[in-house]
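Opening the notebook on this one. I want to go through an aromatic pair, a helix and the ligand site, in that order.

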Amino acid sequence: MQQHLKHISKLLSLVLRHKPETIGLQLDANGWAKVDELIQKINESGTAVDAATIDLVVETNDKKRFAFNEDKTQIRASQGHSIEVELNLKPLLPPDILYHGTADRFLESILKTGLTKQQRQHVHLSETLTTARAVGARHGNPVILNIHAKAMAAAGFLFYLSDNGVWLVDFVPVQYITV
Ligand code: HQG
């Protein structure tokens, strides 16, 4: 069961963040998919899933990656998209310091050009060292960067907080990064 939930969670990340077309799904401009349609298309693509399983994945997901709308007819990923979606997040003042976990092999390039969003819609920043370390470890030998977020905000950079607690910004220039 655990394995099945993980498989469904990965599939939801793929279709709700990156490639809805792999199962013939369309997201609206705000990233929402219709739950009925999602379930039908996942089944048609060869993976058996029902509404209760989707509920369980949303509820138990370790990072609360997915969220329903109020009447639970729609679902979307709270952040992490590579496709363009308008999440309608409001800019928010960040804490003094946020963290970015990365791999040591990226350090040289990051300290040259700053943090750029790569394939995603934003640069992702964490409030805690523990989260940043886990994010960095996904890419290799983890290194944690201190991001002087409050100073960036004072200089006019806009920060957003996703529904699942990830801080998002367009770009982090080198002068706001310390290792
Ligand atoms: C690096 C997970 C070279 C950047 C996490 C990162 C997160 C550069 C990688 C979310 C660079 C991109 C996102 C530059 C940035 N030169 N490398 N100038 N600027 N990079 O996966 O932040 O589990 O797109 O440091 O929790 O690792 O998917 O971003 O190492 O919130 O829900 O380029 O993914 O969430 O990698 O992770 P990613 P990320 P989920």
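Is Tyr 176 buried or exposed? I looked up its relative accessibility, and at 15% Tyr 176 counts as buried, where buried means under 20% relative accessible area, exposed over 50% and partly exposed in between, with a 1.4 Å probe and protein chains only.

Ground rules before I go on. This is a predicted model, so I keep in mind that local features need pLDDT of at least 70 and side-chain atom pairs pLDDT 80 or more, while totals for chains, interfaces and linings use all residues. Residues are numbered from 1 along each chain as its sequence is written, and side-chain values use heavy atoms, leaving out hydrogens and water.

**Entry: aromatic pair.** I let rings of Phe, Tyr and Trp (its six-membered ring) pair if their centres lie within 6.5 Å, calling planes under 30 degrees apart stacked, over 60 edge-to-face and the rest tilted. The count comes to one aromatic pair. Phe 157 and Tyr 176 make it, edge-to-face, with 6.0 Å centre to centre and 70° between the planes. The two sit 19 residues apart and link distant parts of the chain: Phe 157 is in the loop between α6 (149-154) and β7 (160-161), Tyr 176 in the loop between β8 (167-169) and β9 (177-178). My elements are DSSP runs numbered from the N terminus: helices are H or I with at least four residues, strands E with at least two. Phe 157 counts as partly exposed because its relative accessibility is 24%.

**Entry: helix α1.** I noted Leu 5, Ile 8, Leu 11 and Leu 12 among the buried residues of α1. Its buried residues pack against β1 (33-34), α2 (35-44), α3 (51-60), β2 (66-68) and β3 (74-77). I then picked out Ser 9, found in this helix, and it is buried at a relative accessible area of 12%. Leaving aside residues up to four places away in sequence, Ser 9 touches Val 57, Asn 61 and Phe 66 (contact: heavy atoms within 4.5 Å).

**Entry: ligand.** Which residues come nearest to the ligand? Of the 20 around it, they are Arg 17, His 100, Thr 102, Ser 109 and His 139 (near: a heavy atom within 4 Å). Arg 138 has a polar side-chain atom 3.2 Å from a ligand oxygen.

Methods. A polar contact is a pair of N or O atoms within 3.5 Å; within protein, one must be able to donate a hydrogen and the other to accept it, and residues adjacent in sequence count only if both atoms are side-chain atoms.
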